[in-house]
Amino acid sequence: MYYILTAIVLAFSSVQAREYADSAVWQGWNLKLDLATPVFELARSKGNVMSYEGAASFNLLQRFYPTVEFGYGQGAASAAGGDFFGRGGYGRVGLDLSALRKSRVDNMLLIGIRLGTAVQNYSINNVSVSDPYWGEYTMRDFNKQLRADVWGEVVAGVQVKVYGSFHMGWYARFRILFTRKETGLPTAYYIPGYGYRDETTFGFNYYVGWKF
């Protein structure tokens, strides 16, 4: 019995040692480039809206993935309320969690959250404005307006190894805009990194990436 117990303890200790070796906090990082957003926006807006996005994620314990996303976007639109053009940069920070606890980093199901912000310069021309004294309408231009927006996201995605360190995957996103209060200026029609100015919106990314 003593030898059996000793063998069990040694086997358990060996497994624990291997798990400890595999549980080093730093496990590398990933660099990703989004391919879907430019294509979808081109199809939807016929070239009036375009954005480009990349991301970096950091592998901690093969389970937690702090993520930084960054990009640039611009949008234009013409309607009865005026002609809009805006452009600027955006960024998001957040954390992904590998939902498949026993999976390796080659193939993963990810869920996560993001906090995003965008700063853009925009102009709205040919805006009809009422004169409170005379009661008449005049056309005005609002040029070089600066605006910052903040939103939150819930994301879910998949990452699949293709070959070596090269992988592909996608994210589905649900976004909630926090900066809904108006400033008295005409509203920005498009927010880089968020989309069209609604209280909630959905997004989709399809990316290629490299693991380092």
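This report walks through a predicted model, from its overall make-up to a few individual residues.

## The model and its make-up

Residue numbers start from 1 along each chain as its sequence is written. Because this is a predicted model, local features need pLDDT of at least 70 and side-chain atom pairs count only at pLDDT 80 or more, while totals for chains, interfaces and linings use all residues; side-chain values use heavy atoms, with hydrogens and water left out.

The protein has 2 helices and 10 strands (DSSP runs numbered from the N terminus: helices are H or I of at least four residues, strands are E of at least two). Read from the N terminus, the order is α-β-α-β-β-β-β-β-β-β-β-β. Of the 212 residues, 37% are buried (buried means under 20% relative accessible area, exposed over 50%, and partly exposed in between, with a 1.4 Å probe and protein chains only).

The protein exposes about 12700 Å², and carbon and sulfur atoms supply 65% of that area (Shrake-Rupley method with a 1.4 Å probe; for residues, only the protein chains shown count as cover). Now to contacts, meaning heavy atoms within 4.5 Å. Among those between residues at least 6 apart in sequence, 63% join residues at least 24 apart.

## Arg92 and its partners

Arg92 counts as buried because its relative accessibility is 1%. The Arg92 side chain makes a polar contact with the side chain of Glu53 at 2.9 Å, and another with the side chain of Glu153 at 3.0 Å. (A polar contact is a pair of N or O atoms within 3.5 Å; within protein, one must be able to donate a hydrogen and the other to accept it, and residues adjacent in sequence count only if both atoms are side-chain atoms.)

Leaving out residues up to four places away in sequence, Arg92 touches several others, including Arg114, Trp151, Arg173 and Arg175. Glu69 is also among the residues that Arg92 touches.

## The largest cavity

The whole structure holds 2 cavities of 30 Å³ or more, and the largest has about 70 Å³ of space. On a 1 Å grid over the protein atoms alone, a cavity is a set of points where a 1.4 Å probe fits but cannot get out, and a pocket is an open set with protein on both sides within 12 Å along at least five of seven lines; lining residues have an atom within 4 Å of a point. Grid points are joined across faces, edges and corners, and a volume is the space filled by probe spheres set on the points.

Lining the largest cavity are Lys32, Leu33, Asp34, Glu53, Gly54, Ala55, Glu69, Tyr171, Arg173, Asn205 and Tyr207. Two or more lining residues come from each of β1 (26-34), β2 (49-60), β7 (166-177) and β10 (200-211). By type, the lining has 4 nonpolar, 2 polar and 5 charged residues (Ala, Val, Leu, Ile, Met, Phe, Trp, Tyr, Cys and Pro count as nonpolar, Asp, Glu, Lys and Arg as charged, and the others, Gly among them, as polar).

## The second largest pocket and α2

The second largest pocket contains about 330 Å³ of space. Its lining has 21 residues, of which Thr37, Glu41, Arg175, Phe202 and Gly203 lie nearest the centre. Elements giving two or more residues to this lining are α2 (36-45), β2, β4, β8 (190-191), β9 (195-196) and β10. β10 gives the most, with 5 residues. The lining divides into 9 nonpolar, 7 polar and 5 charged residues.

Helix α2 has Ala36, Thr37, Pro38, Glu41 and Ser45 as its buried residues, and these pack against β1, β2, β8, β9 and β10. Just after α2, Lys46 takes a positive phi of about 60°.

## Other residues to look at

Leu61 sits in the loop between β2 and β3 (64-79). Its phi is near 60°, a positive value in a residue other than glycine, and Leu61 is partly exposed at 38% relative accessibility. Lys144, in strand β6 (residues 137-163), has a positive phi of about 50° although it is not a glycine. Lys144 is exposed, with a relative accessible area of 75%.

Finally, Trp210 is in strand β10 and is partly exposed at 36%. Trp210 and Phe166 are 44 residues apart in sequence, yet their C-alpha atoms are 4.7 Å apart in space. Setting aside neighbours within four places in sequence, Trp210 contacts Trp29, Asn30, Leu31, Ser165, Phe166 and His167.
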